[in-house]
Amino acid sequence: MRCSRCKFAVYCSNECQTSDWPHHKTQCSPASTKASLTSGSSATTRQRTDSVRGVTIACDADRARGARIFEAKIIDPSHPIHTRSGIVCPLFQQVGFPLILYRHHTEDPLMMLRDPGLDNQVAMHLLTHPGTGHPEARWRRAGCLGTVVVMRQDGKPLTFEAMETALMYADCVVGLFGDGVSPSRLLSPAGFQRFCQKYKDGRISGGYSNFYTMTLPF
């Protein structure tokens with residue numbers, strides 16, 4: 001079932017929706033307004049006047065040349081990610097952790113020649129759609145995504161720990177879809193934050209002390 005107001009948030013039951021309302025109401029807006037922010041593949045953000053910390057996710061070719069999977073990226077106000085060149089990540093828009101992705105390659109992925117070096121399975125997970133467990137067809141096309149920059153739409157710093165947690169969340173959602181299990185309990189801000197807390201606790205238990213400083217909720 002979906003929220004009757006925004007037509008976007010998905011719940012497994014009336015009880016689930018009621019329990020999530022204190023969180024969801026801060027992002028809920030009528031469907032006509034929501035559509036203007038999430039329809040298509042682009043994001044429109046207000047003009048920024050300050051720099052934002054984001055994360056670069058390297059494609060296979062860049063990693064083969066020695067780039068790390070994640071690199072810190074200071075995004076200045078003139079960066080095209082702040083315009084309609086930024087792509088909304090729909091899964092994270094739904095759960096209240098809105099992320100925007102920018103491709104370095106501007107060609108239409110459905111028209112460009114494929115290049116195996118441009119594969120970026122890590123970044124492709126961020127484009128998962130909450131209703132299908134898959135990205136749009138054009139982002140599933142191998143050899144087209146390339147290296148990307150990711151930032152939080154709210155302008156808050158995006159840390160490596162938060163990026164890793166978000167990717168593991170997307171991987172969990174995709175895995176449930178693949179197993180034929182509904183991930184509906186995860187597809188809400190409350191479900192997302194529960195996952196993040198559990199993941200953080202697991203990483204700390206595993207000896208990853210850098211996760212102590214990861215502040216939740218995002």
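Biologist: How many aromatic pairs does the structure hold?

Modeller: This is a predicted model, where local features need pLDDT of at least 70 and side-chain atom pairs count only at pLDDT 80 or more, while totals for chains, interfaces and linings use all residues. Residues are numbered from 1 along each chain as its sequence is written, and side-chain values use heavy atoms, with hydrogens and water left out. The structure holds 11 aromatic pairs. Rings of Phe, Tyr and Trp (its six-membered ring) pair if their centres lie within 6.5 Å; planes under 30 degrees apart count as stacked, over 60 as edge-to-face and the rest as tilted.

Biologist: What are the rings of F97 and F218 doing?

Modeller: Their centres are 4.7 Å apart and their planes are at 25°, so F97 and F218 are a stacked pair. F97 is in the loop between α4 (90-94) and β4 (99-103) and F218 is in the segment after α8, so the pair ties together parts 121 residues apart in sequence. Helices (H or I, at least four residues) and strands (E, at least two) are DSSP runs, numbered from the N terminus.

Biologist: And are F97 and F218 buried or exposed?

Modeller: Both F97 and F218 are buried. Buried means under 20% relative accessible area, exposed over 50%, and partly exposed in between, with a 1.4 Å probe and protein chains only.

Biologist: What about Y169 and F195, how do those rings sit?

Modeller: The ring centres of Y169 and F195 are 5.5 Å apart with planes at 70°, so this pair is edge-to-face. Y169 belongs to helix α7 and F195 to helix α8, so to speak of sequence, they are 26 residues apart. Y169 and F195 are both buried.

Biologist: Which residues do the ring pairs link into a cluster?

Modeller: The cluster is made of F92, F97, Y169, F192, F195, Y199, F211 and F218.

Biologist: OK, charges now. What sits over the ring of Y208?

Modeller: The charged end of R203 does, 3.7 Å from the ring centre of Y208. The charged end of R53 sits over the ring of F160, at 5.5 Å from its centre. The rule is that NZ of Lys or CZ of Arg is within 6 Å of the ring centre and within 35 degrees of the ring normal.

Biologist: Back to α7. What should its 19 residues span?

Modeller: Helix α7 covers residues 160-178 and should span 27 Å at 1.5 Å a residue; its end C-alpha atoms are 27 Å apart, which agrees. The expected span of a helix is 1.5 Å times one less than its number of residues. Among the buried residues of α7 are M163, L167 and V173. Just after α7, G180 has a positive phi of about 75°.

Biologist: How far does α8 reach?

Modeller: Helix α8 has 17 residues and reaches 24 Å from its first C-alpha to its last, close to the 24 Å expected. Its buried residues include P189, F192, C196 and Y199.

Biologist: Which peptide bond is cis?

Modeller: The bond from L216 to P217 is cis, with omega near -5°. P217 lies in the segment after α8 (189-205). Most residues other than glycine have a negative phi, and most peptide bonds are trans.

Biologist: Where is T159 found?

Modeller: T159 is in the loop between β5 (148-152) and α7. With 25% relative accessibility, T159 counts as partly exposed. T159 and G54 are 105 residues apart in sequence, yet 7.4 Å apart in space, C-alpha to C-alpha.

Biologist: What does the side chain of T159 reach?

Modeller: The side chain of T159 reaches the backbone nitrogen of A162 at 3.0 Å. Leaving aside neighbours within four places in sequence, T159 is in contact with R53 and V55. Contact means heavy atoms within 4.5 Å.

Biologist: Is N120 buried or exposed?

Modeller: N120 is buried, with a relative accessible area of 4%. N120 is found in the loop between β4 and α5 (121-126). Not counting residues up to four places away in sequence, N120 touches I57, A58, C59, L145, G146, T147 and V148.

Biologist: Last one. How many helices and strands are in the protein chain?

Modeller: The protein chain has eight helices and five strands. Of its 218 residues, 47% are buried.

Notes:
Polar contact = N/O pair within 3.5 Å; in protein donor to acceptor, adjacent residues only side chain to side chain.
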